[in-house]
Amino acid sequence: MSNWQIKLTGDQFDLEDLPCWFSDPALRVIEQEGRYYLTSSDFDAMEDSSAIWTHAHVLLEHMQGAAKLYRTNFQRIGLGVMISGFQGCRHSLVHIAERIVFRDKASGVVTINGKEIPEIYPHKDWATLAQHDEAVARALRLWGNGPMDWVNLYRMFEVVESDVGGQMYQAGWVTKKEIGRFTGTANSMKAIGDDARHAKPNLQPPSKPVTLEEARELIAHLVREWLASKLPSP
């Protein structure tokens, strides 16, 4: 475990899931005496606290995007106090903190045919994958930082499209009709007014535009399927 740790702020109710979700050596949340810390095996190879702080923000973006994609009401995360511990001594470096708030937590156990089965947390693998795949890293940054408006959702779609192209249709993640309704709505002022990606008033919307909530669900599903395709089969 790294000698460097960065405290995560928030309520116990929210923080207690993080060690289960993020346990990879390169991106880990640990609990110590009721407090929760972000740590990484990468920290010890870095020369100073500024480099560690910068890298921690990158890891935080990966965690945040993965968690928000997994649990839709997950809100923005921030970092608190940076702590170094050498030869039993601990020293704190104070940075500006942002509070975390997430609510309506689901159970970590599901029941199938009367048997309790621990819930699988795919988002921990998404965050790990982001450290080696720039497309995944960008997708998680976009999803985690929001807002989930038409412009940002379209960017998410373009990240996936640029990475896999027509594979999204061939694999059945989405249909061309679904994406056509989404892009047609997102681009059309006649459909969504000033929220549209384009300001040209003559762009015709689809006959049945999608709502913003439908668009969020569609793109979230597409991104999850795309991420699943990048991971080894269980």
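Visitor: How many helices and strands are there in the protein chain?

Guide: The protein chain holds 10 helices and 8 strands, where helices (H or I, at least four residues) and strands (E, at least two) are DSSP runs numbered from the N terminus. This is a predicted model, in which local features need pLDDT of at least 70 and side-chain atom pairs count only at pLDDT 80 or more, while totals for chains, interfaces and linings use all residues. Residues are numbered from 1 along each chain as its sequence is written, and side-chain values use heavy atoms, with hydrogens and water left out.

Visitor: And what share of the residues counts as buried?

Guide: Of the 234 residues of the protein chain, 42% count as buried, a word that here means under 20% relative accessible area, with exposed meaning over 50% and partly exposed what lies in between (1.4 Å probe, protein chains only).

Visitor: What about contacts in the protein chain, how much comes from residues 24 or more positions apart?

Guide: Such residues account for 63% of the contacts with a separation of 6 or more, a contact being heavy atoms within 4.5 Å.

Visitor: Let's go to the strands. Which strand does β1 join?

Guide: Strand β1 (residues 4–8) has 4 of its 5 residues buried, and 3 bridges join β1 to strand β4 (residues 35–39), the two running antiparallel. Two strands pair if DSSP finds at least two bridges between them.

Visitor: Switching to rings: how many aromatic pairs does the structure hold?

Guide: The structure holds 6 aromatic pairs, counted when the rings of Phe, Tyr and Trp (its six-membered ring) have centres within 6.5 Å, with planes under 30 degrees apart called stacked, over 60 edge-to-face and the rest tilted. One of them is the edge-to-face pair of tryptophan 21 and tyrosine 70, at 5.7 Å centre to centre and with 75° between the planes.

Visitor: Why does that pair tie together parts that are apart in sequence?

Guide: Tryptophan 21 lies in helix α2 (residues 18–21) and tyrosine 70 in helix α3 (residues 49–70), so the pair ties together parts that are 49 residues apart in sequence. Tryptophan 21 is buried, with a relative accessible area of 2%, whereas tyrosine 70 is partly exposed at 22%.

Visitor: Which pair is stacked?

Guide: Tryptophan 150 and phenylalanine 182 form a stacked pair, 6.3 Å centre to centre with 25° between the planes. Tryptophan 150 belongs to helix α6 (residues 150–164) and phenylalanine 182 to helix α8 (residues 176–187), so here the parts tied together are 32 residues apart in sequence. Tryptophan 150 is buried at a relative accessible area of 5%, and phenylalanine 182 is buried at 0%.

Visitor: What else do ring pairs link to Trp150 and Phe182?

Guide: Ring pairs link Trp150, Tyr154, Phe157 and Phe182 into a cluster.

Visitor: OK, on to α10. How far does the helix reach?

Guide: Helix α10 (residues 212–229) has 18 residues and reaches 26 Å from its first C-alpha to its last, close to the 26 Å expected at 1.5 Å a residue, where the expected span is 1.5 Å times one less than the number of residues. Its buried residues include Leu218, Leu222 and Trp226, and among the elements that cover the buried residues of α10 are α3, α6 and α8.

Visitor: Last topic: how many salt bridges are there?

Guide: The count comes to 5 salt bridges, each being a side-chain nitrogen of Lys or Arg within 4 Å of a carboxyl oxygen of Asp or Glu. In one of them, lysine 230 and aspartate 133 meet at 2.9 Å, N to O. Lysine 230 lies in the segment after α10 and aspartate 133 in the loop between α4 and α5, so this pair ties together parts that are 97 residues apart in sequence.

Visitor: Is lysine 230 buried or partly exposed, and what about aspartate 133?

Guide: Lysine 230 is partly exposed, with a relative accessible area of 26%, whereas aspartate 133 is buried at 17%. Aspartate 163 also forms a salt bridge with lysine 230, the closest N and O atoms being 2.9 Å apart.
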